[in-house]
Amino acid sequence: MNINKKEFIKLNKNFDEFSKKNEKNKSFETIKGKIPILISAPHSVRQIRNGKIKGKDIYTGPIAIVLQQETNCHCIYKTKNNNDDANYDIENNTYKEEILKIIKQNNIKLLLDIHGASDEHGFGVDIATGERENLNGNEKALEILVEVLKKHNIENIEIDKVFKAKSIHTICKTIAEKTLIPCIEIEIAKKFRDINNFSNISKIIEALKEYIIEIEKMG
């Protein structure tokens, strides 16, 4: 991974300051890549769901950006709380609309939506596939992800255990239905997003980097 702990912390600091830099109504950033895979981090800043503030999925934004830098894939991530939840709101969801635009304009063949979860759930990674429905028949995309995570010693890999991405509210369910490409939500436990154990952050990034490269090879 071509970034060290100090650089990663600096990158993360932006997610506490984006709201000061952004235009009034701009709530996300996109990075254009060359390979047709899209990484998303919709909870990289705080969100509001049903009137309640929810904390950000810490370090998911920097993870998404580093993956883009390392693989040259496409990337989208939230930079501002506009009293919204990009992974829940059905109406007036500009984040989902932008994802659809990116997919159409760049012939994207897979969406990987990155989230963070508490260690209390007991998994290292929970892969949400809408009970396989969001794969749109591409079981290989799931098989490769599990294989690569195991190769990089990511423990306790689950599939649709706690998080399923089965509700139409979620990005993956919505995009899977509208585009017919495989859409995978990956819930990363806090222990793999712990800045005090940067080797674990490096481990998850290297695993997802290899996954993106393997999916690209499939053509």
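The legends below describe close-up views of a predicted model.

**View 1. Helix 4 and helix 6 pack against each other in a right-handed crossing.** Helix 4, which covers residues 139-151, and helix 6, which covers residues 198-217, pack at an angle of about 145 degrees, and their axes are 9 Å apart. On the side of helix 4, the residues in contact are Ala-141, Ile-144, Leu-145, Val-148, Leu-149 and Lys-151, and these meet Ile-204, Ala-207, Leu-208, Glu-210, Tyr-211, Glu-214 and Ile-215 of helix 6. Sorted by class, this contact contains 10 nonpolar residues and three charged ones, with no polar residues.

**View 2. Phe-8 and Tyr-59 form a tilted aromatic pair.** The model has five aromatic pairs, and in this one the ring centres are 5.6 Å from each other while the planes make an angle of 35 degrees. The pair links distant parts of the chain, since Phe-8 belongs to helix 1 (residues 5-21) and Tyr-59 lies in the loop between strand 4 (52-54) and helix 2 (60-71), 51 residues apart. Both Phe-8 and Tyr-59 are buried.

**View 3. Phe-8 also pairs with Phe-198, here in an edge-to-face arrangement.** The centre-to-centre distance is 5.6 Å, and the planes are 65 degrees apart. This pair, too, links distant parts of the chain, with Phe-8 in helix 1 and Phe-198 in helix 6, 190 residues apart. Phe-8 counts as buried because its relative accessibility is 0%, and Phe-198 is buried because its relative accessible area of 14% falls under the cut-off of 20%.

**View 4. Phe-8, Tyr-59 and Phe-198 together form one aromatic cluster.**

Definitions and conventions. Residues numbered from 1 in each chain as written. Predicted model: local features only at pLDDT ≥ 70, side-chain atom pairs only at ≥ 80, totals over all residues. Heavy atoms only, no water. Axes fitted to C-alpha atoms, helices over the stretch in contact; angles between N-to-C directions. Helix = DSSP H or I, 4+ residues; strand = E, 2+ residues; numbered from the N terminus. Left-handed = near helix turned anticlockwise from the far one by under 90°. Contact = heavy atoms within 4.5 Å. Nonpolar A, V, L, I, M, F, W, Y, C, P; charged D, E, K, R; others polar. Phe/Tyr/Trp six-rings, centres within 6.5 Å; stacked < 30°, edge-to-face > 60°. Buried < 20%, exposed > 50% of the residue type's maximum accessible area, 1.4 Å probe, protein only.
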